[in-house]
Amino acid sequence: MVAVPEPHSGWTFITSHARVLAAIADNPNVRIRDIAAHCRLTERAVQRIISDLEQDGYLSHTRDGRTNTYRIEPDKVLRHPAEAGLPVASLLSLLVQDETDRGKTLEPIRAHIPQTHH
């Protein structure tokens, strides 16, 4: 069973679609029930999001008995014009990784952020 994160209030940086896609990237055989618990969504909302992602070609699945195996299209580009040309794999590389690797991922990004001194 997936550990359920603490509840939050207010806005967030990541959409529910990105969270669901990241949960699937982390485990291609994950159950909708576990995605819903992890993402703090209803199972019905997760089903709608998966349907959206499949309709737009970001995701497909095969069924083996009662188990779905999902496949993400890593080269499919993100939808918003501000991210034109950025593949979904780039987003997922930030969302799906060990906590110990997150600091390493941020180092090249931090190098390009202007430092402000107060």
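Which side chain makes a polar contact with the side chain of Asn68 at 3.4 Å? Select Asn68 and Tyr70: the side chain of Tyr70 is the partner. A polar contact here is a pair of N or O atoms within 3.5 Å; within protein, one must be able to donate a hydrogen and the other to accept it, and residues adjacent in sequence count only if both atoms are side-chain atoms.

Before going on, note that this is a predicted model, in which local features need pLDDT of at least 70, side-chain atom pairs count only at pLDDT 80 or more, and totals for chains, interfaces and linings use all residues. Residues are numbered from 1 along each chain as its sequence is written, and side-chain values use heavy atoms, with hydrogens and water left out.

**Whole chain**

Show the cartoon. The protein chain has five helices and two strands, taken as DSSP runs numbered from the N terminus (helices: H or I, at least four residues; strands: E, at least two). From the N terminus on, the order is α-α-α-β-β-α-α. Of its 118 residues, 22% count as buried, where buried means under 20% relative accessible area, exposed over 50% and partly exposed in between (1.4 Å probe, protein chains only). For contacts (heavy atoms within 4.5 Å), take residues at least 6 apart in sequence: 41% of these contacts join residues at least 24 apart.

**Asn68**

Return to Asn68, in strand 2 (residues 67-72). Asn68 counts as buried because its relative accessibility is 17%. Leaving out residues up to four places away in sequence, Asn68 touches Pro28, Asn29, His61, Thr62 and Arg63.

Select helix 1 (16-26). Its buried residues are Ala18, Val20, Leu21, Ala22, Ala23 and Ile24. They pack against helix 2, helix 3, strand 1 (59-64), strand 2 and helix 4.

Next, select Val20, Ile24, Ile35, Ile50 and Leu59, which touch the most other members of the 20-residue largest nonpolar core. Helix 1, helix 2 (32-39), helix 3, strand 2 and helix 4 each supply at least two residues of this core, and helix 1 gives the most, with five. A nonpolar core is a set of buried Ala, Val, Leu, Ile, Met, Phe, Trp, Tyr and Cys residues joined through side-chain atoms within 4.5 Å. Centre on Ile35: beyond four places in sequence, Ile35 touches Val20, Ala23, Ile24, Val30, Val46 and Ile50.

**Leu92**

Move to Leu92 in helix 4 (residues 88-95). Leu92 has 10% relative accessibility and therefore counts as buried. Not counting residues up to four places away in sequence, Leu92 touches Leu21, Ala22, Ala25 and Ile72.

**Second largest pocket**

Finally, select Thr15, His17, Ala18, Leu78 and Leu91, which lie nearest the centre of the second largest pocket among its 17 lining residues. Helix 1, helix 3 (43-55) and helix 4 each give two or more residues to the lining; helix 1 has the largest share, three residues. By class, the lining has 10 nonpolar, three polar and four charged residues. Ala, Val, Leu, Ile, Met, Phe, Trp, Tyr, Cys and Pro count as nonpolar, Asp, Glu, Lys and Arg as charged, and the others, Gly among them, as polar. A pocket, on a 1 Å grid over the protein atoms alone, is an open set of points where a 1.4 Å probe fits, with protein on both sides within 12 Å along at least five of seven lines; lining residues have an atom within 4 Å of a point.
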